[in-house]
Amino acid sequence: MIMAAAVGRLALWLTSRVSVDRDRARRVTATYLWWRQHRERCFSRPAAATRQYSSDSRDDLKVRYLDGEDAGIVVVGINRPKAKNSISKNLVKMMFEAVEDIKKNNKVRSVVLCSLVPGVFCAGADLKERAKMHQSEVGPFVSKARAIITELGNLSVPTIAAIDGAALGGGLEMALACDIRIASSSAKMGLVETKLAIIPGAGGTQRLPRIIGVSLAKELIFTARIVDGKEASRLGLVNHSVEQNDSGDAAYLHALELAREINPQGPIAVRMAKLAINQGIEVDLSTGLAIEEACYAQVIPTKDRLEGLAAFKEKRRPHYKGE
């Protein structure tokens, strides 16, 4: 059953790899031009330009498909400065739209999730909005928030969370759904829900134990403890902790460099490796090896595999097309 499910996911992924249509290309181009005019801080190779914000809810999430040498990298920036990037109904809606666009674009090779607001990654749920909800609305909203975080975790390409500020509650849960987490040494992280007499509701009780171990996860959740980037790195909560810079985007810049390391690798191979790891870690070793075999079978007939062999023989850099 598990093996069949893995193969089914492989088949579904392969059939979904369609080219970007002209309308989407025009939208991507328009997004790029807007960003170049209004927001260069989060996406340039040098350190950051002045940050510019908008209170318009249409700007709660900014998505940029990088080009040139960085083509294939998508940067998703949360931008709710007045609400500390807290998770609102509108942000959830916009994240669903962004994830769907990424899933349909077979040119995407990695995703960097970051904040466009200084000193904060995501402060968790928008409690002001939550306070206005009727009790009957809370459950469905949490379900939607959990669903988008799950969708983020299920993206077939590598995802990297760049944590340059506070990641609390649902904000940390969002980062936990990413494959890799980079944090500045001064960033604050914690699942603090028990302070509000609730529990993490968007995957925190499940993903945190899988990342740092059951006992440590219980300690952090039971105490609602907040840790900084250095401690998070020691616990294994983040992959790397970097010293914050004057522009407040050290984690983002490190995440971007990591995405650039991933970029030249065989894109189908990277996706199959992610699928094999994600599916295999949930089952026994024997089943996991069968899943790995199924994923390996998907790369054998690819043009990229032949290109890799040719490049090795000719002692040159391979040029993979995801075919």
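## Loop residues

Asn85 is buried, with a relative accessible area of 0%, where buried stands for under 20% relative accessible area, exposed for over 50% and partly exposed for what lies in between, computed with a 1.4 Å probe on protein chains only. This is a predicted model, in which local features need pLDDT of at least 70 and side-chain atom pairs count only at pLDDT 80 or more, whereas totals for chains, interfaces and linings use all residues. Residues are numbered from 1 along each chain as its sequence is written, and side-chain values use heavy atoms, with hydrogens and water left out.

Asn85 is found in the loop between β2 and α3, and its phi is near 60°, a positive value in a residue other than glycine. Lys84 has its place in the loop between β2 (73–78) and α3 and has a positive phi of about 55°, although it is not a glycine; Lys84, however, is exposed, with a relative accessible area of 56%. As background, most residues other than glycine have a negative phi.

A further loop, between β8 (188–190) and α7, holds Glu193, which is buried with a relative accessible area of 8%. Leaving aside neighbours within four places in sequence, Glu193 is in contact with Gly169, Gly170, Glu173, Ile198, Ile199 and Pro200, contact being defined as heavy atoms within 4.5 Å.

## Overall make-up

The protein has 13 helices and 10 strands, taken as DSSP runs numbered from the N terminus, with H or I over at least four residues for helices and E over at least two for strands. Of its 323 residues, 47% count as buried. Among contacts between residues at least 6 apart in sequence, 70% join residues at least 24 apart.

## Nonpolar cores

A nonpolar core is a set of buried Ala, Val, Leu, Ile, Met, Phe, Trp, Tyr and Cys residues joined through side-chain atoms within 4.5 Å. The largest one holds 51 residues, of which Leu61, Ile163, Met174, Met189, Leu208 and Leu237 touch the most other members. Helix α3 (residues 89–104) gives this core its largest share, seven residues. Apart from it lies another core, of 19 residues, including Leu66, Leu116, Ala255 and Leu256.

Once neighbours within four places in sequence are set aside, Leu237 is in contact with Leu176, Arg181, Met189, Leu208, Ile211, Ile212, Val227 and Ala232.

## Helix packing

Helix α3 packs with helix α5 (residues 135–153) at an angle of about 30°, their axes 10 Å apart; axes are lines fitted to C-alpha atoms, for helices over the stretch in contact, and angles run from 0 to 180 degrees between N-to-C directions. That makes α3 roughly parallel to α5, given that angles under 35 degrees count as roughly parallel, over 145 as roughly antiparallel, 65 to 115 as roughly perpendicular and the rest as oblique. Lys89, Val92, Met95, Phe96, Val99, Glu100 and Lys103 of α3 meet Glu137, Phe141, Lys144, Ala145, Ala147, Ile148 and Glu151 of α5. These residues divide into eight nonpolar, no polar and six charged, with Ala, Val, Leu, Ile, Met, Phe, Trp, Tyr, Cys and Pro counted as nonpolar, Asp, Glu, Lys and Arg as charged, and the others, Gly among them, as polar.

The axes of helix α7 (residues 204–212) and helix α8 (residues 214–223) come within 7 Å and cross at roughly 135°, which makes α7 oblique to α8. Gly204, Thr205, Leu208, Pro209 and Ile212 of α7 make the contact with Val214, Leu216, Ala217, Leu220 and Ile221 of α8, and the residues of this contact divide into eight nonpolar, two polar and no charged.
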